[in-house]
Amino acid sequence: MDTLESALLAARMQFAITIGFHIVLAAFTIGLANFLMVLEALWLRSGRQLYLDIYRYWLKVFALTVAVGTASGLILEYQFGLNWSRLSVRAGDILGPLMFYEVLAAFFLEAGFLGIMLFGLKKVGPRLHFFATCAVACGSLISAFWILSANSWMHTPAGFSMSAGGRFIAEDWWAIIFNPSFPYRLAHMTLAAFLGTASFVAGVSAWQLMKTAHNPRVRVQLSMALWVLVVLTPVQIVVGDLHGQHSLQVQPQKVAAIEGSWTRPAEGAGEPLRIFAWPDMSERRNHWEVAIARVGSLYLRHDLSSTIAALDEFAPQDIPPVAPVFFAFRLMVGLGVLMLAQGLVSLVLRWRKRLYVSRSWLWICALMAPAGFLAMLCGWTVTEVGRQPFTVYGLLRTADSLSSVSRAQVIGSTWLILGFYLVVFAIGLWVLLRLLRDPPHQGESGPQPTLPDETGRS
């Protein structure tokens, strides 16, 4: 491996580490912010202290998530200038404004109203406080909007022209922002954030319920989380299918890597579902393949006879690393099926009046706590590794986006980042476990504020 390739691999690994840490926190922030908004709305509507107690309990977790997520996000931003300066130079005219709008949303909406949300309930009144909670929740979604717009543009670039020096020049901002893959990615990622948060809240609640079986607050938060899984998991499956159909049109190499399809089957034979295989990039084939004939065509083409473009139809230098994409996709789908089953079983247990008392069920929910976020990380791996060897798909290669840095420099900075992350995340995890050790209780974190009466007076 030459110097450039080793530096490139080191830079990609560093970015994978930082985005892997940050994306979970960012998604958890989005999910919790909207969970808190729903809780406060239910409290204002019903006047029940129970909803306010749950709100205050998870508000402490939300504050911790924002603090740790901000620290991890700053390092992520610096890498664009340190390791990927050529990408910044060539695509900065487009990516720069999109990232700037994300910062505006984060700081003016999320950070601006976060203080009121954390400390202002007794000072500004319930209704203005609810407005602050809504602003933070909306800010988290707007922030995701701009980040995903920038990322989607790198997958399906549109609305630009190329300068003589090879720079991307913005021509049509509507086409740039709402590029072809953006609606699918925005819906898919937002649902992933909600489902990841729901599976985590359900897992924590199940664990707490095994210790305090009759705590009504724990029962309510478990019930709410499971309803999210019941409603949104089928929606996510539909959105995922639409996203896959679109990817088949615009990134056929990625879909071929997902399927581990090295050679197109004979006409009319259909695409098999490869349940397991060991893709071999050097021999350009699979080892130990276990497949079911024609089933792949059912979800890829919605029939039993069509096929897709295989990897041997593309130049070897243009196909992504097959094994990570192949396995990450199957793990993502497997976790998604488990979450769907979790939601369906919860409906049966509700009907049988055993949702809160079946100890084996509570153990299953507790073990499923990280499932949503693990599935999201697998999906992100499929998306980003499947885009390789390009940063701007089909137009700018990852090797041409790298700064003039050596492997030693990148590895040295990676160890520094890992050290920082281990300290920050270790402290954050310790605080999180202390917060979640005890369930929410009556009068959580202070007295109940007075709700406004019919005239609007507190």
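This is a predicted model: local features need pLDDT of at least 70, side-chain atom pairs count only at pLDDT 80 or more; totals for chains, interfaces and linings use all residues.
## Helix α12

Helix α12 runs over residues 359–367, and its buried residues are W361, L362, C365 and A366. These four lie on the same side of α12, because they cover an arc of only 140 degrees around the axis. An α-helix has 3.6 residues a turn, so residues three or four places apart point the same way.

## Aromatic pairs

The model has 21 aromatic pairs. One of them joins Y101 and W146, whose ring centres are 4.8 Å apart; the planes meet at 50 degrees, so this pair is tilted. Y101 belongs to helix α3 (residues 85–119) and W146 to helix α5 (residues 126–155), so the pair ties together parts that are 45 residues apart in sequence. Y101 is partly exposed, with a relative accessible area of 35%. For W146 the relative accessible area is 16%, which falls under the 20% cut-off, so W146 is buried.

Another pair is formed by F326 and F327. Their ring centres are 5.3 Å apart and their planes stand at 85 degrees, so the pair is edge-to-face. F326 is buried, with a relative accessible area of 0%, whereas F327 is partly exposed at 27%. R330 lies over the face of F326, at 3.7 Å from the ring centre.

## An aromatic cluster

Which residues do ring pairs link into a cluster? The members are F100, Y101, F145, W146, W174, F178 and F182. The cluster thus includes Y101 and W146, the two residues of the tilted pair.

## The second largest pocket

The second largest pocket has a volume of about 1,200 Å³. Its lining consists of 42 residues, and those nearest the centre of the pocket are H188, G240, F329, M332 and V333.

Which elements give two or more residues to this lining? They are the helices α5, α7, α8, α9 (252–259), α10 (295–300), α11 and α13 (371–385), together with the strand β3 (273–280). The largest share, 9 residues, comes from α8.

How values were computed
Residues are numbered from 1 along each chain as its sequence is written. Side-chain values use heavy atoms; hydrogens and water are left out. Buried means under 20% relative accessible area, exposed over 50%, partly exposed in between (1.4 Å probe, protein chains only). The arc is that of the directions from the helix axis to the C-beta atoms. Rings of Phe, Tyr and Trp (its six-membered ring) pair if their centres lie within 6.5 Å; planes under 30 degrees apart count as stacked, over 60 as edge-to-face and the rest as tilted. A charge sits over a ring if NZ of Lys or CZ of Arg is within 6 Å of the ring centre and within 35 degrees of the ring normal. On a 1 Å grid over the protein atoms alone, a cavity is a set of points where a 1.4 Å probe fits but cannot get out, and a pocket is an open set with protein on both sides within 12 Å along at least five of seven lines; lining residues have an atom within 4 Å of a point. Grid points are joined across faces, edges and corners, and a volume is the space filled by probe spheres set on the points.
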